[in-house]
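Reader: I'm new to this one. Could you show it to me and let me ask how you know things?

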Amino acid sequence: MDPTFVQNLHNLLLQSTTNDTIQLKAATAQLNKEFYKDPACIPALANIIANSQEIPVRQLAAIELRKRVSVNSGNLWLQVSQADREQLKTQLPEIVLRESNSLVRHSTARVIAAIAGIEIPVGGWPQLLPFLHETATSSQSTHREVGIYILYTVLETIVEGFQEHLQSFFKLFERLLQDPESAEVRVTTVRSLGTVAQYIDTDDKTDIKSFQNLLPLMIQVLAQTLEAGDEANARHLFDVFETLLILEIPLLSQHIPQLVQFFIQAGCNRSIDSELRILALNALNWTVQYKKSKIQSNSLAAAILDGLMPITTEEEPEDIDDDAPARSALRIIDTLATSLPPTQVFPALRAQIQQYFSSTDSSHRRGAMLALGVSVEGCSEYMTPLMSQVWPVIEAGLQDSDPGVRRATCVAVSCLCEWLEDECVSRHAVLVPAIMALVADPATQRSACTALDALLEVLHDVIDQYLPLIMERLSGLLETAPLNVKAVVTGAIGSAAHASKDQFTPYFQETMHRMQHFLVLTGEGEEIELRGITMDTVGTFAEAVGKDLFRPYYEPLMKQAFQGIELASARLRECSFLFFGVMASVFGEEFSPSLPAVVPSLIASLKQEENGQELQPLTVSDVSAFASGSSPANAISVEDGTAGAEEVDIDLDKALDVNSAVAVEKEIAADTLGTLFASTREHFLPFVEQTALELIGLLPHYYEGIRKSSTDSLLKIIRTFYDLSGQPEWQPGANVQHPLNQNVKDLIDRALPELLDMYDGEDNKGVVSTLCVGLAETINKIGPALLEQYYDRLCSMAKEILEQKAICQQDPDQDADEEAPEDQAEYDSVLISSAGDLVAAMANALGADFAQAFNTFYPLIAKYYKKSRSLSDRSSAIGCLAEIISGIKGAITPSTEPLLELLWRAISDPDAEVQSNAAFATGLLVENSEQDLSPQYIALLGALQPLFNLPADAPAPRLNARDNACGAVARLILRNASAVPLAQVLPVLFAALPLQNDLLENRPVFRAVLYLSQTQPDVLSQYLDGLLRVFAQVLDPSGPDQIGDEVRAGLIGLIGALNARSPEKVQQAGLGAFVPGA
């Protein structure tokens, strides 16, 4: 080895440690040019690590040596002579044992790992493992620390080469986990196990068992780290456990109760640092998410809630971006509610809420209200019949003496409005005045405006009585409130406009005048947020007042939106994209001239890199770090693998924040592109191909929101493209009568295989649900031509979901042949319902040719109608069967008996939503089956009769059930009127008219009326006076079409005949305009 070469290299490394930027750049350039491309630098750097007196130089030499060894898959290392390589493999373990500085030791250990990654796979370093075992079991703790750390770094590099040694590693690890002197040994051993775990196969039962036996010791090491307040090592250990939670092999299964108990105890322990408590609670959140079947089967939800509720009472920081144990606890309650069956969550939570809300301690009442709010999303269906007991708590919370409780209650109201719209509308007389009072209170103003925003969004039919007061109060706040309050006030005004539609017109001009200066704000933080919300709000104004009134503002606001894109803010770009979508929807083809400017900006958004990296999925370690709330102390090291590369430390929190903002922007951009095509139609055609290709490219994106919006937009583009192709109306059946336009077919053949490939690996239920619903809508639009090539794959997909065997439904802790539990989370029911939509769409497209597939699907759908199933499951199962009957018509005949037996039970279901679907399905079965069901009429009419007995204030679901019962009775009459006791049935049927909710059922009802007028006019005549008033309502040209052209023509003909006999009655009913010749 040339001493001069080594000395010059040492001097340049020393120069590189200086703070002088000029010297640093000069040294780096010379190192890259004269040293780092020469294989002689490898032994020289090792010499410097061994002999330099300067710690920074030894550290830098170790970092650079690892790079030189690794560069180009070890090419430079292999250029070193065999003798020198052997000498280095002997010397480096000795060097690392002698090294006194821990940073240099660790960096040198990584050099050894890099060399091992090249040598061990080819059998070139047989001495390494014996050395590591000897060192890790040394009597000196520093040697043990070095030995296990080198083993850890080696395992990170080449676990596959060590598979046959795993059992001996497990024995070694068991000893090291109990090291009596060194916490570093114990912690590094846990980290080594985390690395090994990622390479254990599901079939390696012995390795799985050995790993599971070590888990209690691993938990013990984590407990010791928390007790010592060692945040850095605690983060490392939580990363390990979160990695174990993500893995598909059931390593943690037997220990989930123990792990949950430990995380709760750590999260509740106020004597340890808040950051450590947050880490424990985040790990518990991931445990609920990824091990929900074990949480469910062990009934752990109640115990978890017992531990979390005291944490919810703790103080929260003012900054919404700051984390705290209370916020972590509320996140876990939210995860419990959305991941587990509500039967396991809400009863236990409700008892806790009642206890805490009755406390004299205001922090307990505040915690109870926040817990109630976050639980609504996952338990809304289960809560609905219990709301009479919830509302008194809400009303008391709005009047509470403590402003913190009042603010928390506003949060709960916001959640209730989002998920229980009808319930909130029914309480408007209490909620609106109470919240308006809080809007006037500075202590609750911002929270109250947020609640008012959510409430106004749903008050469509009743907002008129409150609009003057609301606009007076909120308009004043636009002038006087602080910026952060102005933002929520602006959003609330937007919701008022959304709900009131054209009733907002008197307030439009003045409100636009007050808000316009918000659209030129450029300051970061609150100013940008207010500008973005204002852009959203003025878009809502356009939807409310219509394009004619909004037109004077169109051009200036489009300019503002483009200026927002140019500012370096993902939030403003997102708001501009939303605004473009709204403008296209409102102005339709008038928006077309803006497409050449708008579409490129959306495409550019889709193409942009995230955090300087090309689009790629987050790794397990990235996700684990994110879940642990990683700080800059847990930065990751990134190398590009080229000679002279510098190590770059990335703050993962900041990186993920940037990724998150840009990802949401892309989600909105993808969604907007579909809206633009649907609104501007043929004017968008020049952009279709590029748009489709960009959206297809985003289907593998790591963020589920982007996958969802790309899926939705792609299918919307296919439907719009089909609309523009001018195809004749399709006819049901497997034999396609009208082949697709070739361009439409090409688009389908490009997009659909990619969408179905995405499904094959998709682990997010929301994305799969979006795909199913979008496919169903697309099949209903395009018909059987879409199924020609894809029918088998679509059937397989729907079957998998209904069997709960899709990737997104799988649980690694559940045996392959084990039935999924019937009691499931409400979100799981949404996915099942969407699969039912897909099946029904295929039945609609194929008609009688779907009959064979129905035999496969019927038991899969029918199993969701059981008393033990949720309302959503029961309702969607019956609704799906109704749609299938409607689609395949007479081909349903062979299944008549089992269907009728099922529907009979469903008509008597305790929930009106199920009764409604059952009545609809029963009518369709009678109408379409070729089997004569008239012998069953009396029993069927008896089963339907209770649906007609409603109080005056009946809720909407019961009114809907009555409407569908009317449709069913009408279908019975149409099929065989002689089997219906008309004298008893018609008074009940006609007394239920006009229909109030399901207006489409007017079609069979009035077809029956016309049928009776032709076949039994004397029977009908006694009811005509009352029916004439109903005729006036269903024929009203200012309302929606309720009856279709054929029935409309028949009714007008009947009115003409009645006018010939009793013109005064026709005139009194307001039907004079419908008399032929009038």
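Author: Ask away, and I'll set each value against its definition.
This is a predicted model, where local features need pLDDT of at least 70, side-chain atom pairs count only at pLDDT 80 or more, and totals for chains, interfaces and linings use all residues. Residues are numbered from 1 along each chain as its sequence is written, and side-chain values use heavy atoms, with hydrogens and water left out.

Reader: What is the mean pLDDT of the protein?

Author: The mean is 91, and 94% of the residues reach 70 or more; pLDDT is the predictor's confidence in each residue, from 0 to 100. Over residues 612-658, though, pLDDT stays under 50. Where pLDDT is low, the predicted coordinates should not be read in detail.

Reader: Why is C772 called buried?

Author: Buried means under 20% relative accessible area, exposed over 50%, and partly exposed in between (1.4 Å probe, protein chains only). C772 has 0% relative accessibility, so C772 counts as buried.

Reader: And why is C268 called partly exposed?

Author: Because its relative accessible area is 28%, C268 falls in the in-between class.

Reader: How many disulfides does the structure hold?

Author: It holds 0. A disulfide here is a pair of cysteine sulfur atoms within 2.5 Å. For C772, the nearest cysteine sulfur is that of C808, 8.4 Å away, and C772 is in no disulfide.

Reader: Which residues does L244 touch?

Author: Leaving out residues up to four places away in sequence, L244 touches A197, F211, L215, M218, L251 and L252. Touching is contact, that is, heavy atoms within 4.5 Å.
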